[in-house]
Amino acid sequence: MNTIFRKSVLGVAGLAFAGGVFAGPIAAHADTTPVTASKPVAVAVQADKPDSGKLIPHGVQGKQSRIDLNDEQTANV
């Protein structure tokens with residue numbers, strides 16, 4: 001058998017084996033029951049959302065930086 005052909009066949013077989021090892025357990029435990037929307041879905045909302053005073057209690061420290069772009073740079077973006 002040709003060396004390149006043998007390596008190719010073994011590489012494909014190795015990838016198939018590795019795919020089965022990793023994807024096999026995932027596929028075996030997949031939930032196949034259909035999802036029905038007979039009941040409304042409850043969504044949890046965070047009651048105590050922090051405001052900017054809690055997130056930045058001491059204000060912004062120092063000057064904020066800004067980079068002005070010329071027309072060519074803006075066009076590239």
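This note reviews the predicted model in numbered points.

1. Basis. The model is predicted; local features require pLDDT of at least 70, side-chain atom pairs count only at pLDDT 80 or more, and totals for chains, interfaces and linings use all residues. Residues are numbered from 1 along each chain as its sequence is written, and side-chain values use heavy atoms, with hydrogens and water left out.

2. Confidence. The mean pLDDT (the predictor's confidence in each residue, from 0 to 100) is 75 for the protein, and 62% of the residues score at least 70. Helix α1 (residues 3–28) has the lowest confidence, with a mean of 74, whereas α3 has the highest, at 91.

3. Secondary structure. The protein contains three helices and zero strands, in the order α-α-α from the N terminus. Helices (H or I, at least four residues) and strands (E, at least two) are DSSP runs, numbered from the N terminus.

4. Surface. The accessible area (Shrake-Rupley method, 1.4 Å probe; for residues, only the protein chains shown count as cover) totals about 7,900 Å², of which carbon and sulfur atoms contribute 62%. Of the 77 residues, 0% count as buried; buried means under 20% relative accessible area, exposed over 50%, and partly exposed in between (1.4 Å probe, protein chains only).

5. Nonpolar patch. L55, I56 and V60 form a nonpolar surface patch with about 300 Å² of accessible area together. Patches consist of residues with over 30% relative accessible area and no salt bridge, like charges being joined within 9 Å and nonpolar side chains (Val, Leu, Ile, Met, Phe, Trp, Tyr) within 5 Å. I56 lies in the loop between α2 (52–55) and α3 (71–76), and I56 counts as partly exposed because its relative accessibility is 44%.

6. Salt bridge. The count is one salt bridge, defined as a side-chain nitrogen of Lys or Arg within 4 Å of a carboxyl oxygen of Asp or Glu. The side chains of R66 and D68 form a salt bridge at 3.1 Å, N to O. R66 is exposed at 71% relative accessibility, and D68 is exposed at 60%.
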